[in-house]
Amino acid sequence: MFNKLLLVLLAVMFSTSAFAAKDNNSIQVKGSDTMVNLGQAWAEKYMEENKGNFVAVTGGGSGTGLSSLISGTCDIAMSSRNIKEKEIGLAKQKGINPNEIKVALDGLAVVVNPGNPISKLTLAQLADIFTGRVTNWKEIGGKDEKIVILSREVNSGTHVYFKEHVLRKNDPNSKEEFAPRALMLSSSQAIADEVAGNPSAIGYYGMGYISKKQKPVFIARDEKSEYEAPSIENVINGKYPISRPLFLYTNGVPVGLVKKFVDFTLSKEGQDIVLVTDFVPVNK
Amino acid sequence: MRKFKEFIIEKLILICGLASIFFVVLIFLFLLKEGLEVFKGITPFKFLFGKSWYPISEPPQLGILPLILGSLLVTVGAAIISIPIGVGCAIYIAEIAPLKIKETLKAGIELLAAIPSVVLGFIGMVTLVPLVKNVFHLPTGLTALSGSIMLAFMAMPTIVSIAEDALYSVPKTYKEGALALGATQWQTIWRVMLPAASSGILAAVMLGIGRVIGETMAVMMITGNAAVIPNSILAPVRTLTATIAAEMGEAVVGAEHYFALFAIGIVLFVISFAINVTADLFLHKRQ
């Protein structure tokens, strides 16, 4: 009886180690929710062309991806923000050497309900709305309705980027924060849905999520500049003021399968996929 | 040889019995070890009564008062909705319903308990949230009230099944005596059965509340998660549980934010421990 049990246990142990050995031709990609669709599209095309190689893509947020890279549970981290000093320090402690690769650009769209008469805003007005200094749409020329602020959760690279570049206007000493009454939603899709159904809501997310149910607001750097639409041309020529780079992080300079995949993302084919998924290519 | 077998089996079962306590103690020690670190940078008073929760700013502001109040508001709301309905349902099942209806109702309640909370949250998001927004003419339907209503559904099965048990275990002679003295059925229920089962019913209510305060997924989806001190049940709130779930993925291991999330875990642990102990006291009083 006991012998049998022992045999079963041994068998289980061996079979799991056999599975572990199989991992040699697969890579784990994890991180930014903004980039999940892009990563998935890359992985599908890549696996189609390289039979026998496996690329697993999961989301969770830029921070989640970077902490997985640091703890060694993924091979490539996708991130919509730069790695923080603190994270580099932690990585060094664990013998990981984060290597940054810029793979695409993303325009951040600010969206309102199509029923909202507001169609253009300056960066200063945006900061006023999202920090809670302006609380009613009529103060900036809209209807007499309370503004419902929608934001992503703090694990989102988009949240961090929007805070640092719009609310704090790139000033590292600024103490501006999202208004406490801002609703924190857990995905870009949740923001898109809420904006579609709520005439007094305003939210932000990557350009790829814009649909007919939301109206993207034209943005100007200040009152004297032109108001620009969040479009691919405007991000490439730098006219649209809220755009950001998207990164892949690897441990050290990529080698082997990881290098093959990273090279694929930067190839003509990979960058075409970037365009198809509504992001902006870096290599033309 | 037989004795030896007995001995082994006895000890194995003993280990199983001790294991549950052992794991609780380990979990609590781990929570303490990680959570207490945060008080190196912030006083317990500032942590518990601070009004701003901006965990990723430099320096982070880690005041969890809005989160505690958010959790309490949602829980109180859910209790107000689920206790009368749950106890009423238990009385109906235990005292009034004919056998056939009784069986159907019990099966239905068990089914309600089996619905995963993420499913309830999703249903709430697409049906209840727009309804609350339109009925109360609010800027958004993602409010504490929506959370309370959805959580009331989750607390109800616990309340009903334990309260029904308590009513069932009141000695038959009480009821027969009351009816023999000429009391009506309602008088018997109200004056005899309910007081006799009161400690069991209180325990049922406490366990139901315990379930509500620890619930995460549904509240995260429908309460809006705004870390502001709520001024009404029609305002968005952020609960303790949703904060841990939403932020643990991002928190840098070893940073103040990470320890603060564990400290929130301690606060939750203490609250649900207190609720369980109170429920236990009531249950033992009955015996």
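My entries on chain B follow.

**Overall picture.** I am working with a predicted model. I started with the secondary structure of chain B and found eleven helices and two strands. Following the sequence, I noted the pattern α-α-β-β-α-α-α-α-α-α-α-α-α. I then looked up the extent of the C-alpha trace of chain B, which is about 75 × 75 × 30 Å along its principal axes.

Among contacts in chain B with a separation of 6 or more, 73% join residues 24 or more positions apart.

**A helix pair.** Next I turned to H3(B), residues 65-96, and H8(B), residues 185-214, whose axes lie 9 Å apart at an angle of about 140 degrees. On the H3(B) side I listed the contact residues, including Ala78(B), Ala79(B), Ile83(B), Gly86(B) and Glu95(B). H8(B) contributes, among others, Ile189(B), Met193(B), Val205(B), Gly208(B) and Ile213(B). By class, this contact of H3(B) with H8(B) has twelve nonpolar, five polar and one charged residues.

**The partner chain.** How many residues of chain B are in contact with chain A? I find 24 residues of chain B, meeting 23 residues of chain A. The side of chain B that touches chain A comprises 15 nonpolar, seven polar and two charged residues.

Conventions:
Residues are numbered from 1 along each chain as its sequence is written. Chains are lettered from A and ligands numbered from 1 in the order in which they are written. This is a predicted model: local features need pLDDT of at least 70, side-chain atom pairs count only at pLDDT 80 or more; totals for chains, interfaces and linings use all residues. Two residues are in contact if their C-beta atoms, placed from the backbone, lie within 7 Å. Ala, Val, Leu, Ile, Met, Phe, Trp, Tyr, Cys and Pro count as nonpolar, Asp, Glu, Lys and Arg as charged, and the others, Gly among them, as polar. Axes are lines fitted to C-alpha atoms, for helices over the stretch in contact, and angles run from 0 to 180 degrees between N-to-C directions. Helices (H or I, at least four residues) and strands (E, at least two) are DSSP runs, numbered from the N terminus.
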